[in-house]
Amino acid sequence: MDWSSYLSRQLSERRDTSLWRQRQVNQKSDGRFLYATDGKYLNFSSNDYLGLSANPAIISAWQRGAEQYGVGSGGSGHITGYTKAHQLLEQQLADWLGYPKALLFISGYSANQGVIAALMTEQDRIIADRLSHASLMEAAMHSPAQLRRFLHNQPESLANLLATPCVGKTLVVTEGVFSMDGDCAPLADIHQQTRISGNWLMVDDAHGIGVCGEQGRGSCWQQGIKPEILIVTFGKAFGLSGAAVLCDEQAAEYLIQYARHLIYSTSMPPAQAQALSEAVRQIQSGDELRQRLQQNINYFRRQAQKLPFNLTDSITAIQPLIVSDNELSVSLSQYLQQKGIWVKAIRPPTVPPGSARLRITLTASHMPQDIDMLMEALHGFRS
């Protein structure tokens with residue numbers, strides 16, 4: 001079979017299912033509104049939890065950085081792409097989160113892939129929460145290490161797997177706040193089980209950092225633990241993009257030497273690093289934003305109790321409505337869009353089969369009347 005025939009067949013098969021995906025062009029978006037080519041929508045699909053993507057101080061910091069450094073880094077951080085702005089951001093993150101070292105990566109996906117690929121060998125074992133993000137699971141599956149999965153948020157299941165000896169090292173992997181369900185991992189219990197067995201814990205706190213804990217220090221800080229490897233990403237509460245790995249000095253030096261995603265990727269623009277430094281300051285002083293976000297979460301959950309859909313137990317900004325049927329979830333999303341509300345359907349393989357959903361996300365920028373409008377539209381839907 002030639003390439004064209006193969007691609008045509010695969011696309012035809014996908015197009016005939018409810019899993020077909022399409023991108024839609026928009027002009028801009030923030031924590032409250034999305035401006036598309038066909039109009040303005042209330043945005044309930046944004047991860048911009050604190051509304052910092054449009055923060056004037058952060059925008060100004062990026063502009064000053066661009067004037068000082070230009071708009072790109074010009075290379076890998078191992079060649080020309082590691083500037084004073086990068087160094088200062090790494091130190092700022094390390095001081096804020098209580099780690100000796102922080103290393104910047106171009107994305108959260110890259111950070112997870114790079115760390116696991118660098119650390120694990122064929123004698124090693126990864127034990128991951130079965131609902132961990134695709135970047136973690138894919139990295140584990142592509143690594144030479146043995147992969148085992150423990151039942152979602154069940155430390156007892158983890159303990160049973162840890163009880164089986166491993167010739168090499170074991171890395172336990174979980175998210176802090178799960179991106180599709182919005183529930184929080186029992187990190188204290190997971191950390192205890194990992195420490196008892198003498199192994200390392202890696203936590204991806206993409207959806208907890210900036211939102212949870214004192215000064216927004218995240219899920220681990222909130223639950224009083226310090227994993228050996230902490231991944232924080234900047235595409236959610238920070239309002240930008242990129243990621244950092246927090247660890248001790250020895251692990252950081254090892255990753256500098258062996259993490260191919262770090263070595264062979266062009267580093268983030270220095271102007272972006274400078275903007276991220278300002279985002280950290282905004283997060284540290286952002287108690288009012290976090291309080292407003294929590295008020296919106298509480299209000300949404302009170303109003304959503306009467307909806308004809310299954311509401312999960314999430315107490316975070318991620319509030320999934322489980323629709324189950326793929327086609328119904330798409331129809332509901334399209335109906336809301338007609339009502340001026342932007343909420344995208346999430347379907348397998350992103351979530352397990354039979355759990356298609358609307359992944360509603362709340363931000364500090366939302367107003368109570370925005371949630372009222374969403375509720376009114378959801379109540380008016382007829383399948």
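Among contacts in the chain between residues at least 6 apart in sequence, 69% join residues at least 24 apart. Keep in mind that this is a predicted model.

Start with the whole chain in view. Its C-alpha atoms fill a box of roughly 55 × 55 × 50 Å along the principal axes. For 383 residues, a compact globule would have a radius of gyration near 21 Å, and the chain agrees because its own value is 21 Å.

Next, switch to a cartoon display. The chain holds 14 helices and 15 strands.

Now show the surface. Of the 383 residues, 53% count as buried.

Colour the charges. There are 33 positive and 34 negative ones, and their mean positions lie 4 Å apart.

Then select strand 9 (229-233) and strand 10 (243-247); the loop between them contains K236. Select K236 itself. The UniProt annotation, from an unreviewed entry, covers K236 as "modified residue: N6-(pyridoxal phosphate)lysine".

Is K236 buried or exposed? K236 counts as buried because its relative accessible area is 18%, and the cut-off for buried is under 20%.

Which residues does K236 touch, leaving out those up to four places away in sequence? Show their side chains together with K236 to finish the tour.

Methods:
Residues numbered from 1 in each chain as written. Predicted model: local features only at pLDDT ≥ 70, side-chain atom pairs only at ≥ 80, totals over all residues. Heavy atoms only, no water. UniProt positions renumbered as here; feature names shortened; annotations may be inferred. Helix = DSSP H or I, 4+ residues; strand = E, 2+ residues; numbered from the N terminus. Buried < 20%, exposed > 50% of the residue type's maximum accessible area, 1.4 Å probe, protein only. Rg over C-alpha atoms; globule rule 2.2 N^0.38 Å. Contact = heavy atoms within 4.5 Å. Lys, Arg positive; Asp, Glu negative; His and termini not counted. Charge placed at Lys NZ, Arg CZ, Asp CG, Glu CD.
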